Amino acid sequence: MKSIRIGTRNSALALWQAREVARHLQNNNYLTEIVPIVSSGDKNLNQPLYSLGITGVFTRDLDIALLNDEIDIAVHSLKDVPTQLPQNIEMIAYLERDYPQDILIRKESARNKEFHELKLATSSLRRRAFWLRNYPTTDFSDIRGNIQTRLQKLEDGDFDATILSLAGIKRMKMEIDYEMLPLMISAPSQGVISVAGHTDKPEINEIVSKINHQPTQICVEIERNFLSTLEGGCTAPIGAFAEIIGDQIRFKAALCSLDGKNCIAVDENFVYNSTENFGERFAKVVLENGGKELMAEIKSQI
């Protein structure tokens, strides 16, 4: 069989993720070739993501390459992948989740400031809302770009700290001081590398499915079903995290208003079975407890 062409964005982190998928496939004795593709999301670093008006801003170009047979599979950070996939594209594998957490990184001059005193740089509606829930007077700046770009902007900019995904810092082996943020609930499927395939390539999809980590798949499908039931195509401050603990799953999630003042949360432990859509079930609880009105409010404000 010829090499499996692995499509990826061309940032350092995305290439690391593609090499990780390649390593898993090579361990199963398959040849691979990495094909970097520049995404529209990487080309526009001035506008915050939520103002681009596009779902799948980081995945669209890889979707097109997949549909045009320029690549055989596409590697994504799963949290960037819309819950509604394009026609003829399917998720075929999830690598084991490593670091789902958000972390705070400060500049040296803000080392001794309390959380409520920090001026924060983040373009994430979720990170802003969850932070404002605890520290409602915080000033924010928008920040975009890869990890290295954001850290440089932190050094150069008029703000004290930024919030990043721990996964990126760990995968890039960056020696940097950070603080854990238990006040945050991660973005749905944060910290998970996923692989998308074309439905017309069942042989390749079957090969790639062998590297799938099923416990991770179970958790992220709950998180993504929760997200898709709530959002209806709207970007909103939604956190969701499922983890398997013994013979149960713990699911923590919340929908917050943009200013963080109104948050509707769920925290459930349950025994998993494959026939029930738990993500949808818990999302309906949120919607019935004011979430429907809150989503309408968020949509009118974005």
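Analyst: Two rings of Phe, Tyr or Trp count as a pair if their centres lie within 6.5 Å. A pair of aromatic rings is described by the distance of the centres and the angle of the planes. The model shown here is predicted. By that rule, ring pairs join Phe226, Phe251, Phe270, Tyr272, Phe278 and Phe282 into a cluster. A search of the whole structure gives nine aromatic pairs.

Phenylalanine 115 and tyrosine 135 sit edge-to-face, with 5.9 Å from centre to centre and 80° between the planes. Planes over 60 degrees apart count as edge-to-face, so the angle of 80° puts this pair in that class. The two residues belong to distant parts of the chain, 20 residues apart. Phenylalanine 115 is in the loop between strand E5 (102-106) and strand E6 (120-121), while tyrosine 135 is in the loop between helix H4 (125-134) and strand E7 (140-141). Phenylalanine 115 counts as buried because its relative accessible area is 18%, under the limit of 20%. Tyrosine 135 has a relative accessible area of 22%, so this residue counts as partly exposed.

Now the cluster. Phenylalanine 251 and phenylalanine 282 form a stacked pair, 5.4 Å centre to centre with 15° between the planes. Planes under 30 degrees apart count as stacked, so an angle of 15° qualifies. This pair also links distant parts of the chain: phenylalanine 251 lies in strand E12 (residues 248-256) and phenylalanine 282 in helix H9 (residues 278-301), 31 residues apart. Both phenylalanine 251 and phenylalanine 282 are buried.

The next step is the nonpolar core. The largest nonpolar core has 24 residues, and Phe226, Phe251 and Leu255 touch the most other members. Phe226 and Phe251 also belong to the ring cluster. Helix H8 (214-231), strand E11 (238-245), E12, strand E13 (263-270) and H9 each give at least two residues to this core. H9 supplies the largest share, seven residues.

Phenylalanine 226 shows what such a position involves. Leaving out residues up to four places away in sequence, phenylalanine 226 touches Ile238, Gly239, Ala240, Phe251, Ala253, Val266, Gly279, Glu280, Phe282, Ala283 and Val286. Phe251 and Phe282, the two residues of the stacked pair, are both on that list. Another core, of 19 residues, lies apart from the largest one; among its members are Phe130, Phe140, Ala161 and Ile185.

E11 and E12 are the elements that give two or more residues to the lining, and E12 gives the largest share, three residues.

One further ring has a charged neighbour. Lysine 107 lies over the face of phenylalanine 159, at 6.0 Å from the ring centre.

To return to the cluster: it contains Phe251, which is stacked on Phe282, and Phe251 is one of the residues that touch the most other members of the largest nonpolar core.

Technical notes:
Residues numbered from 1 in each chain as written. Predicted model: local features only at pLDDT ≥ 70, side-chain atom pairs only at ≥ 80, totals over all residues. Heavy atoms only, no water. Phe/Tyr/Trp six-rings, centres within 6.5 Å; stacked < 30°, edge-to-face > 60°. Helix = DSSP H or I, 4+ residues; strand = E, 2+ residues; numbered from the N terminus. Buried < 20%, exposed > 50% of the residue type's maximum accessible area, 1.4 Å probe, protein only. Lys NZ or Arg CZ within 6 Å of the ring centre and 35° of its normal. Core = buried A, V, L, I, M, F, W, Y, C linked by side-chain atoms within 4.5 Å. Contact = heavy atoms within 4.5 Å.
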